[in-house]
Amino acid sequence: MYPTTLAVIALTFSNYVLQPAFPNCLPPYIATRLLSTICILLLTWVNCSSVRWATRIQDFFTVGKLLALVLIIVVGMVQICKGHYDALEPQAAFEFIRDPSVGQIALAFLQASFAFSGWNFLNYVTEEVVEPRKNLPRAIYVSIPLVTLVYTLTNIAYFSSMTPEELLASNAVAVTFGEKLLGMFSWVMPISVALSTFGGINGYLFTSSRLCFSGAREGHLPYLLAMIHLKNCTPIPALLVCCTATIVILCIGETHNLINYVSFINYLSYGVTIAGLLYYRWKKPHLVRPIKVNLLVPISYLVFWAVLLGFSLYSEPVVCGMGLVIMLTGVPIYFIGVQWSQKPHWIYSAVEHVTYLGQKLCYVVFPQDDLSETEPLTEKTEKSEL
């Protein structure tokens with residue numbers, strides 16, 4: 001799922017970088033893929049080298065992203081004050097889309113949710129957050145309203161100078177916006193968006209590698225992915241797996257379909273997770289829960305989730321169905337790799353050899369907390385699941 005998201009952002013990055021060179025047509029397929037691959041390889045190297053470098057890059061490019069969005073919002077508000085808000089009239093949307101079906105509206109929600117899909121990523125790096133029980137809720141309460149406000153105002157600003165037809169026809173909306181309103185300073189927009197997406201790739205790579213790292217520690221992935229570099233303390237094997245998967249997806253997918261896949265799979269996994277949390281609230285009400293919310297919040301989300309996914313699947317059965325198939329491919333792998341506890345000895349031997357080879361190539365070891373001094377490496381490897 002997350003390599004797919006990385007592929008989408010990387011393609012967006014390359015489109016915005018190359019758009020000024022190809023103003024009247026789409027950038028070449030090979031050029032976008034090559035530039036996206038170079039970007040992913042560069043950021044993988046940065047994340048493998050230092051956690052501090054990765055976080056500094058994230059901070060810098062997040063500030064750049066907000067400055068670019070503020071510029072768009074200010075220019076858009078000026079246009080609205082001048083009376084350019086025809087495209088914001090309710091009838092304008094319904095004139096453009098005649099008789100929209102419920103399925104189309106649901107699919108629009110699903111695609112638009114991709115822009116807001118980073119709201120939960122801080123949960124993946126909880127171990128690396130200082131005082132997570134205090135700072136994690138604080139970050140969520142600040143970031144979600146801020147992102148919602150900024151993104152909503154940005155879209156309003158776009159409609160102050162562009163019609164829905166122009167928005168759909170544009171391969172790089174911010175570039176088209178800058179060309180119409182910024183004049184000689186229009187070059188600011190492709191650079192700003194490229195920097196923004198560059199930071200987005202870094203953030204997704206940072207968090208998705210931690211997801212693989214945590215899964216491996218729980219025995220759901222090869223234990224090699226739970227190892228970190230001896231000196232830099234970075235999860236190099238997990239980063240390399242995410243990098244490789246992303247590059248493969250880049251070569252076989254188109255941006256529009258990838259967004260549909262990711263959005264559908266995201267909402268499906270969110271819904272299943274919330275259903276599981278409600279189940280545990282019902283079956284095990286006395287479990288320790290450091291962070292609690294009113295039950296109306298998850299129940300309301302679950303209802304919205306069911307309606308959204310149901311109508312999206314009805315509207316785009318092939319695309320959404322493909323996303324469902326991609327997700328279900330993990331079921332047999334889970335039963336073979338995790339549930340099957342009595343595997344033949346040759347499988348454990350093969351995993352051990354691959355683990356040793358990976359350790360030598362990446363210079364990685366088990367974290368101190370995951371490997372006791374009295375437990376041999378071979379026993380630890382055999383206990384971990386494929």
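## Helix 8 and the basis of the model

In helix 8, which spans residues 173-181, the residues V173, A174, V175, F177 and G178 are buried, where buried means under 20% relative accessible area, exposed means over 50%, and partly exposed lies in between, with a 1.4 Å probe and protein chains only. Helices here are DSSP runs of H or I with at least four residues, strands are runs of E with at least two, and both are numbered from the N terminus. Helix 8 is followed by G183, whose phi is positive, near 60°.

This is a predicted model, in which local features need pLDDT of at least 70 and side-chain atom pairs count only at pLDDT 80 or more, while totals for chains, interfaces and linings use all residues. Residues are numbered from 1 along each chain as its sequence is written, and side-chain values use heavy atoms, with hydrogens and water left out.

## The nonpolar cores

In soluble globular proteins, nonpolar side chains tend to be buried together. The largest nonpolar core of this model has 42 residues, and F198, I201 and L258 are those with the most contacts inside it; such a core is a set of buried Ala, Val, Leu, Ile, Met, Phe, Trp, Tyr and Cys residues joined through side-chain atoms within 4.5 Å. At least two residues of this core come from each of helix 1 (2-18), helix 2 (29-49), helix 3, helix 9, helix 10 (236-252) and helix 11 (255-283), and helix 10 gives the most, with eight residues.

I201 touches L6, I9, A10, F13, C39, I40 and L43, when residues up to four places away in sequence are not counted; contact here means heavy atoms within 4.5 Å.

## Aromatic rings and charges over rings

A search of the whole structure finds nine aromatic pairs. Rings of Phe, Tyr and Trp (its six-membered ring) pair if their centres lie within 6.5 Å, and planes under 30 degrees apart count as stacked, over 60 as edge-to-face and the rest as tilted. One of the pairs is formed by F61 and F198, which are tilted at 55° between the planes and lie 5.1 Å centre to centre. This pair links distant parts of the chain, with F61 in helix 3 (residues 51-81) and F198 in helix 9 (residues 188-217), 137 residues apart. F61 is buried, with a relative accessible area of 12%, and F198 is also buried, with a value of 14%. Y334 and F335 form an edge-to-face pair, 5.7 Å centre to centre with 75° between the planes; Y334 counts as partly exposed at 35% relative accessibility, and F335 counts as partly exposed at 47%.

Ring pairs also link F13, F60, F61 and F198 into a cluster. Elsewhere, R210 lies over the face of F206 at 3.9 Å from the ring centre, and the charged end of K283 sits over the ring of W282, 4.4 Å from its centre. A charge sits over a ring if NZ of Lys or CZ of Arg is within 6 Å of the ring centre and within 35 degrees of the ring normal.

N202 has its place in helix 9 and counts as buried at 1% relative accessibility. Its side chain is joined to that of N47 by a polar contact of 3.1 Å, and the side chain of N202 reaches the backbone oxygen of A54 at 3.0 Å. A polar contact is a pair of N or O atoms within 3.5 Å; within protein, one must be able to donate a hydrogen and the other to accept it, and residues adjacent in sequence count only if both atoms are side-chain atoms. Leaving aside neighbours within four places in sequence, N202 is in contact with L43, N47, A54, I57 and Q58.

Most residues other than glycine have a negative phi. The phi of Y363, however, is positive, near 60°, and this residue is placed in the loop between helix 15 (345-362) and strand 2 (364-365). Y363 is partly exposed, with a relative accessible area of 44%. Its C-alpha atom and that of I228, 135 residues apart along the chain, are separated by 8.2 Å, and Y363 is in contact with I228, H229, L230, K231 and G358, leaving aside its neighbours within four places in sequence.

C233 likewise has a positive phi, near 60°. C233 is found in the loop between strand 1 (228-229) and helix 10, and counts as partly exposed at 46% relative accessibility.
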